[in-house]
Amino acid sequence: MLSFQKYMRSTLMQQNRMTLSQLEYACENLNTLYQACHWRKTEMYLIPALRDATARADQLLDELNRLNQAALMSIRLLQDKLGALADVRDEQVSEVCDSIDTFCASLLKRLEKEEQELFALARNAIAGETWFSIANQLMMHDKHLDEMKRSGLPPAEAAQVTARRRALPGGEVDDGQISIPGLQVLPIVGLDDEPARPVPRVARQVPRDDVIMK
């Protein structure tokens, strides 16, 4: 996440305009990072159990949700610019960089709060039998995740399929859910009016599982 953030800022601030392909690249990578954070085991199993266990977690969970929404709004701001199908110039380049910074800062702050506050609260608030249930869910999750990875799916998509599989009665797989779309707010972009430009690449491609799959 940080390598992507530094790359985009150092590259774009040297330019007075941003190409459509660069904006698409930014949207794609932010969406991948957002999905990777959303489909972590902490999000799917621990947070629901904590919310059920105690009202003392409400304030912290609301704060985590606020940080999540801030990250999502940053993606949507970039998608709005992408939908305009125009070059992003001058001060708008700075706005794009600020949106990327806000996204990364929000998700990193969320992960920090989980490490420092959420896990400690969960240890004190969740009863022993509930922990056994969570542990069983995690083991089944990892089992299904390994199956999805062996089928050739990238880690982030494998996690999404695994979560949806666990949500179905009996753990059966709905074949229609194997192909997981990105954020539904992504606009459909017609590129006929502009020649294709090469997509910039970082020295080390941002991995789909850059966010820790806790």
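## Around Phe103

Leaving aside residues up to four places away in sequence, Phe103 touches Leu30, Leu33, Tyr34, Ala71, Ser74 and Ile75, where a contact means heavy atoms within 4.5 Å. This is a predicted model, so local features need pLDDT of at least 70 and side-chain atom pairs count only at pLDDT 80 or more, while totals for chains, interfaces and linings use all residues. Residues are numbered from 1 along each chain as its sequence is written, and side-chain values use heavy atoms, with hydrogens and water left out.

Buried is under 20% relative accessible area, exposed is over 50%, and partly exposed is in between (1.4 Å probe, protein chains only).

## The fold in outline

The protein chain comes to seven helices and two strands, and from the N terminus on, the elements run α-β-α-α-α-β-α-α-α. Helices (H or I, at least four residues) and strands (E, at least two) are DSSP runs, numbered from the N terminus.

Of the 214 residues in the protein chain, 42% count as buried. Among contacts with a separation of 6 or more, 78% join residues 24 or more positions apart.

How many salt bridges does a search of the whole structure find? There are six, counting a side-chain nitrogen of Lys or Arg within 4 Å of a carboxyl oxygen of Asp or Glu. One of them pairs the side chains of Glu114 and Arg40, at 2.8 Å from N to O. This pair links distant parts of the chain, since Glu114 sits in helix H5 and Arg40 in the loop between H2 and helix H3 (41-53), 74 residues apart. Both Glu114 and Arg40 are buried.

Glu114 has another partner in Arg110, with the closest N and O atoms 3.1 Å apart. Both of these residues lie in helix H5, four residues apart, or about one turn of the helix. Glu114 counts as buried because its relative accessibility is 1%, and Arg110 counts as buried at 3%. Arg40, Glu43, Arg110 and Glu114 are linked in a network of salt bridges.

Then there's Lys41, which forms a salt bridge with Asp142; the closest N and O atoms are 3.0 Å apart. Lys41 lies in helix H3 and Asp142 in helix H6 (residues 128-150), so this pair ties together parts that are 101 residues apart in sequence. At 19% relative accessibility, Lys41 counts as buried, whereas Asp142, at 30%, counts as partly exposed.

## Thr54 in its loop

Thr54 has its place in the loop between H3 and H4, and is buried, with a relative accessible area of 12%. A polar atom of the Thr54 side chain lies 3.0 Å from the backbone nitrogen of Arg56. Thr54 and Leu121 are 67 residues apart in sequence, and their C-alpha atoms are 9.6 Å apart in space.

## Cysteines

What about disulfides? With a cut-off of cysteine sulfur atoms within 2.5 Å of each other, the count comes to zero. Cys27 is buried, with a relative accessible area of 3%, and Cys97 is buried too, at 1%.

Confidence is given as pLDDT, the predictor's score for each residue, from 0 to 100. The protein chain averages 75, and 68% of the residues score at least 70. H3 has the highest confidence, at a mean of 92, and strand E2 (residues 88-89) the lowest, at 60.

Over residues 168-213, the pLDDT is below 50. Beyond near neighbours in sequence, this stretch has 77 contacts in the model.

Terms used: Polar contact = N/O pair within 3.5 Å; in protein donor to acceptor, adjacent residues only side chain to side chain.
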